[in-house]
Amino acid sequence: YFNPILFKQIEQIGMEDFSAMTNTLIMIQAVLSLVAVFIISYLFRKFIDKKSFNSIGFSFKGFDFIAGSVLGIILVSVGFMILWMFNMLGIESYQFSFINLIIGLFAIFCLAFFEEIFIRGYILNNLLNEYNQYTALIMSSIIFMAMHGLNPNINFLSLLNLFLAGLLLGNYYIYKKNLWFPTGLHVTWNYFQGYVLGFEISGLQVDSVIAQKLQGPDLLTGGDFGFEGSILCTCITIIGIYFINYKYRCNNRG
């Protein structure tokens with residue numbers, strides 16, 4: 001998700017104000033990544049695929065964006081509440097920084113949109129032309145997982161959950177060929193996970209509204225990788241996959 005090599009280099013320098021630099025670094029990476037993927041996808045779509053750039057799935061569907069955003073909040077919040085209710089997570093303090101939350105939201109949106117354009121809009125879209133929808137979905141999810149393979153504190157379970165996240169985000173796309181539902185889900189999942197609820201975002205800690213302390217086993221809490229490294233995340237993601245697949249598969253049949 002984030003460039004782990006960039007952040008590791010800064011930590012090794014011993015910069016005292018590393019946490020204050022995090023948002024700036026995320027912002028720079030987010031903007032550059034989004035601009036780059038727009039340019040590259042446009043050129044490939046126009047000159048290699050011979051199709052319109054808009055066919056990637058840019059037709060705005062406001063309700064689907066909202067629906068995806070709400071689902072993302074619900075899924076990660078359910079995980080937080082379960083850990084809190086069973087005393088595997090403690091809340092140490094609250095802090096509110098409007099600037100931090102706004103900058104974080106902008107950066108998370110850019111990075112999530114970048115990944116959705118690249119993985120779902122371009123790669124999955126083209127795979128659907130060559131393979132059946134489920135084969136294409138699995139292949140794109142493997143690529144999505146591999147993109148995060150160098151993230152800090154990665155392990156087998158977090159890799160599995162990243163693969164499942166690829167299925168979750170791509171499930172809607174194979175039926176609707178539109179980016180807005182998975183973009184909304186992707187944005188709110190990462191934003192609330194990191195900037196609100198205080199988990200690491202795929203191994204990277206950011207300043208959050210809730211300062212939490214994990215008190216349970218890493219298998220259930222995710223440990224240093226964050227919620228995405230937990231078996232609880234595995235279960236919640238599978239439920240989300242089933243829900244989206246059932247809803248849109250039935251809609252397509254209708």
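Trainee: Which residues form a nonpolar patch on the surface, and what accessible area do they have together?

Mentor: Keep in mind from the start that this is a predicted model. The nonpolar patch on the surface is formed by Val31, Val35, Ile39, Ile40, Tyr42, Leu43, Phe44, Phe47, Ile48 and Phe106, and together these residues have about 920 Å² of accessible area. Helix α2, which covers residues 18-47, gives the most to this patch, with 8 residues.

Trainee: How exposed is tyrosine 42, and where is its place?

Mentor: Tyrosine 42 has its place in helix α2, and it counts as partly exposed because its relative accessibility is 38%, a value that falls between the limits of 20% for buried and 50% for exposed. Phenylalanine 44 also lies in helix α2, and with a relative accessible area of 38% it is partly exposed.

Trainee: Which residues is phenylalanine 44 in contact with, once its neighbours within four places in sequence are left aside?

Mentor: With those neighbours left aside, phenylalanine 44 is in contact with Asp49 and Tyr122. Tyrosine 122 is 78 residues away from phenylalanine 44 in sequence, while the C-alpha atoms of the two are 9.1 Å apart in space.

Trainee: What share of the contacts in the chain with a separation of 6 or more is between residues 24 or more positions apart?

Mentor: Such pairs account for 75% of the contacts with a separation of 6 or more. As for the elements, the chain has 9 helices and 2 strands, and from the N terminus on they run in the order α-α-α-β-α-α-α-α-β-α-α. Of the 254 residues in the chain, 52% are buried, and the accessible surface comes to about 12,000 Å², with 68% of it belonging to carbon and sulfur atoms.

Trainee: How many salt bridges does the structure hold, and how should I read them?

Mentor: The general idea is that side chains of opposite charge can pair when their charged atoms come close. This structure holds 2 salt bridges. In one of them, the side chains of aspartate 49 and arginine 45 meet with an N to O distance of 3.4 Å, and both aspartate 49 and arginine 45 are buried. Another joins glutamate 116 to arginine 120, with the closest N and O atoms 2.7 Å apart; these two residues lie in helix α4 (residues 98-127), 4 residues apart, or about one turn of the helix. Glutamate 116 and arginine 120 are both buried.

Trainee: Where is serine 230 found, and is it buried or exposed?

Mentor: Serine 230 is found in the loop between α8 (218-221) and α9 (231-253), and it counts as buried because its relative accessibility is 0%. A polar atom of the serine 230 side chain lies 2.7 Å from the backbone oxygen of phenylalanine 227. Beyond its neighbours within four places in sequence, serine 230 is in contact with several residues, including Leu157, Asn161 and Asp218.

Trainee: What phi does lysine 50 have, and how should I read such a value?

Mentor: As a general rule, most residues other than glycine have a negative phi. Lysine 50, although it is not a glycine, has a positive phi of about 60°; it is found in the loop between α2 and α3 (62-85), and it counts as exposed because its relative accessibility is 63%. Asparagine 153 likewise has a positive phi, near 60°; its place is in the loop between α5 and α6 (156-176), and at 42% relative accessibility asparagine 153 counts as partly exposed.

Trainee: Where in the chain is confidence lowest, and where is it highest?

Mentor: Confidence is lowest in helix α1 (residues 4-13), where pLDDT has a mean of 42, and highest in helix α5 (residues 133-147), at 96. The chain as a whole averages a pLDDT of 87, and 89% of the residues score at least 70. Over residues 1-18, pLDDT stays under 50, although the model has 35 contacts beyond four places in sequence for this stretch. Where pLDDT is low, the predicted coordinates should not be read in detail.

How values were computed: Residues numbered from 1 in each chain as written. Predicted model: local features only at pLDDT ≥ 70, side-chain atom pairs only at ≥ 80, totals over all residues. Heavy atoms only, no water. Buried < 20%, exposed > 50% of the residue type's maximum accessible area, 1.4 Å probe, protein only. Polar contact = N/O pair within 3.5 Å; in protein donor to acceptor, adjacent residues only side chain to side chain. Contact = heavy atoms within 4.5 Å. Patch = residues over 30% accessible without salt bridge, like charges linked within 9 Å, V, L, I, M, F, W, Y side chains within 5 Å. Areas by Shrake-Rupley, 256 points an atom, 1.4 Å probe, with all protein chains shown as cover. Salt bridge = Lys/Arg side-chain N within 4 Å of Asp/Glu carboxyl O. pLDDT = per-residue confidence, 0-100.
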